[in-house]
Amino acid sequence: MTEITKSVIDRYMEVPMKANDRFNPSLCELWEMSKEYSVPNNSGLPLFYPKVKSRSAKFTKNYEIDDPEAQKYLKDVQNFIMNNDMIKVDTRIGEGSELTFRSRLFVSAKYPQLAYMFKKNLFEVNGEEIEQVDVITIPEYPERKILVFPKEGLELILGSDYYGETKMAALRLAMYVAREKHGALGLHAGSKAYNLKIDSQMKHIGVLIFGLSGTGKTTLVCATHDLKAPESIEIIQDDINFIDQNLFAWGSEKNFYVKTEGITSQPLLMNAAKNVGSILENVYVNERGEIDFDNSSISTNGRAIVERDKIPFNSKSYRMGKVDVLFFNTRRDDLPPILKIDSVEKAAAIFALGESTITSADDPQRAGQPVRTVGFNPFIINDPAKEVNTFKRALQGKTFKAFIVNTGYIGGWNGLKIKPQDTFMFVEKALRDEIKFEYDPDVGFEVPKEIKGEDIKRFDIQNFYSRDEYKEKMKNLRLERIEFLKTLKGLDKDILEAI
């Protein structure tokens with residue numbers, strides 16, 4: 001690490017250098033500092049309108065520390081730090097595992113709300129962290145630029161005041177360190193456990209739910225399925241989970257950072273989001289001071305930090321234990337509501353493909369367009385093939401089930417909408433082994449043919465496409481998938497051959 005980075009991170013963040021700098025203020029102190037930036041509302045909740053409304057993916061680049069361009073920005077950051085008041089916040093990423101991260105945010109004092117949200121969303125340090133990542137956020141920088149230094153565990157966020165950028169800076173660095181140094185993976189996946197009575201026995205089923213933002217990942221995590229005691233769900237984590245090579249999973253964040261679009265149809269989340277302790281971002285407030293989650297005139301990327309313990313059915317632990325079932329959420333118009341994956345290699349291939357559509361959280365200008373993102377995770381740093389191969393090794397030799405869940409439409413975007421209640425039914429029936437699947441050679445996966453107690457004829461693909469038309473669509477889809485997988489240099493051959 002160069003001397004300039006030491007001066008910016010190691011020396012400065014450990015030793016107060018200016019009288020007005022704030023080091024590890026409490027949540028109460030950070031709220032007092034942030035009040036003047038909060039939009040007044042009748043609910044009395046902290047609510048902020050950042051100038052930048054979503055992540056800045058096209059402004060993000062990975063760097064070696066000695067890159068001349070990077071050095072220019074590092075020098076600018078150093079000069080800014082030496083001449084402006086700053087806030088430092090120490091937090092911890094990860095709970096329920098020996099692999100935890102000290103995560104340090106260093107932010108311009110003119111933006112205390114970012115420090116407030118960061119501290120609210122993550123855990124308190126306890127001195128047992130074994131890795132460290134650092135984020136420096138300077139929203140008033142005259143250029144928007146996100147510089148990621150993977151080897152140093154450092155990210156600079158310049159010219160953006162969107163909290164989601166700062167949150168994911170720390171998490172993406174932690175995911176990189178977990179993979180490179182510990183053989184673990186940070187996954188863009190929610191987690192929950194089901195306690196179901198199957199064949200007269202209670203079974204505890206650990207579930208990971210993958211999906212890009214907007215594909216119903218959090219909705220499914222919080223779905224109760226109207227289970228009655230002794231059956232139940234346990235909500236663990238909504239966004240980023242870590243897994244090790246034993247296929248054990250644990251959560252990353254103390255609280256949830258949820259998208260508020262459609263939240264009014266999710267009572268568990270909506271009630272929690274309106275509760276004392278929540279922090280809102282990009283959410284509309286009308287002239288009467290009323291919060292309106294359904295009005296997207298401020299931004300289609302409304303967000304809420306929601307206290308996990310305010311969400312009913314939350315798990316007492318952030319550790320799931322063994323992962324038993326994988327659900328890969330996607331939004332397409334040519335797949336049944338659920339497909340069964342019958343091999344480790346196919347599960348790894350679907351993980352690699354990360355099929356869905358772009359949402360407003362990723363790029364508001366391209367929302368709705370098809371996209372493939374390795375691991376359903378836009379935050380993977382370097383070597384996506386290594387990510388997929390590591391995922392495959394975690395699955396090998398383990399007992400698990402895996403499914404593709406389509407939360408989009410069937411028969412085109414004007415066809416049959418797969419509603420959340422439909423998805424909940426298919427997921428629950430899959431968990432109870434109450435779906436009869438048959439292999440479809442055109443699709444390349446097992447498709448549902450019969451479900452105990454349900455009439456699923458309206459979801460039949462043949463209602464929307466002729467056999468020849470659908471066969472051609474699936475042929476073209478397979479070719480597209482293969483071409484995409486071929487771009488992942490170093491991908492294990494058996495994963496490519498599984499499609």
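1. Start with Thr-218, which touches Asp-238, Val-258, Gln-266 and Leu-269, leaving out residues up to four places away in sequence. Thr-218 sits in helix α6, residues 217–221. Its relative accessible area is 16%, and with buried meaning under 20%, Thr-218 is therefore buried. Keep in mind throughout that this is a predicted model.

2. For a sense of scale, His-225 and Phe-48 lie 177 residues apart in sequence and 34 Å apart in space, C-alpha to C-alpha.

3. That loop between α6 and β11 also holds Pro-230. Have a look at the backbone here: the peptide bond from Ala-229 to Pro-230 is cis, with omega near 10°. Most peptide bonds are trans, and most residues other than glycine have a negative phi.

4. Which non-glycine residues have a positive phi? Asn-282 has a phi near 65°, and Phe-376 has one of about 55°. Asn-282 is in the loop between β15 (279–281) and β16 (284–285), while Phe-376 belongs to the loop between β23 (370–372) and α9. Asn-282 counts as buried at 1% relative accessibility, and Phe-376 counts as buried at 2%.

5. On to the hydrophobic interior. In soluble globular proteins, nonpolar side chains tend to be buried together.

6. Not counting residues up to four places away in sequence, Phe-391 touches Leu-185, Leu-187, Phe-210, Ile-243, Leu-326, Phe-328, Ala-347, Ala-348 and Phe-351. Phe-391 is also part of the α9 side of the contact with α8.

7. How do α8 and α9 pack? α8 and helix α9 (residues 384–395) meet at an angle of about 145°, their axes 9 Å apart, and the crossing is right-handed. From α8 come Val-344, Ala-347, Ala-348, Phe-351 and Ala-352, facing Glu-387, Val-388, Phe-391, Lys-392 and Leu-395 in α9. By class, that contact has eight nonpolar, no polar and two charged residues.

8. The other helix pair to check is α4 (residues 112–121) with α5 (residues 163–182), packed at about 45° with axes 10 Å apart. That angle makes α4 oblique to α5, and their crossing is right-handed. Leu-114, Met-117, Phe-118 and Asn-121 in α4 meet Tyr-163, Thr-166, Lys-167 and Ala-170 in α5. This contact divides into five nonpolar, two polar and one charged residues.

9. Is α4 buried or exposed? Of its 10 residues, 10 are buried, so α4 is largely enclosed by the rest of the structure. The buried residues of α4 include Lys-119 and Lys-120, along with Pro-112, Gln-113 and Tyr-116.

Methods
Residues numbered from 1 in each chain as written. Predicted model: local features only at pLDDT ≥ 70, side-chain atom pairs only at ≥ 80, totals over all residues. Heavy atoms only, no water. Axes fitted to C-alpha atoms, helices over the stretch in contact; angles between N-to-C directions. Helix = DSSP H or I, 4+ residues; strand = E, 2+ residues; numbered from the N terminus. Parallel < 35°, antiparallel > 145°, perpendicular 65-115°, else oblique. Left-handed = near helix turned anticlockwise from the far one by under 90°. Contact = heavy atoms within 4.5 Å. Nonpolar A, V, L, I, M, F, W, Y, C, P; charged D, E, K, R; others polar. Buried < 20%, exposed > 50% of the residue type's maximum accessible area, 1.4 Å probe, protein only.
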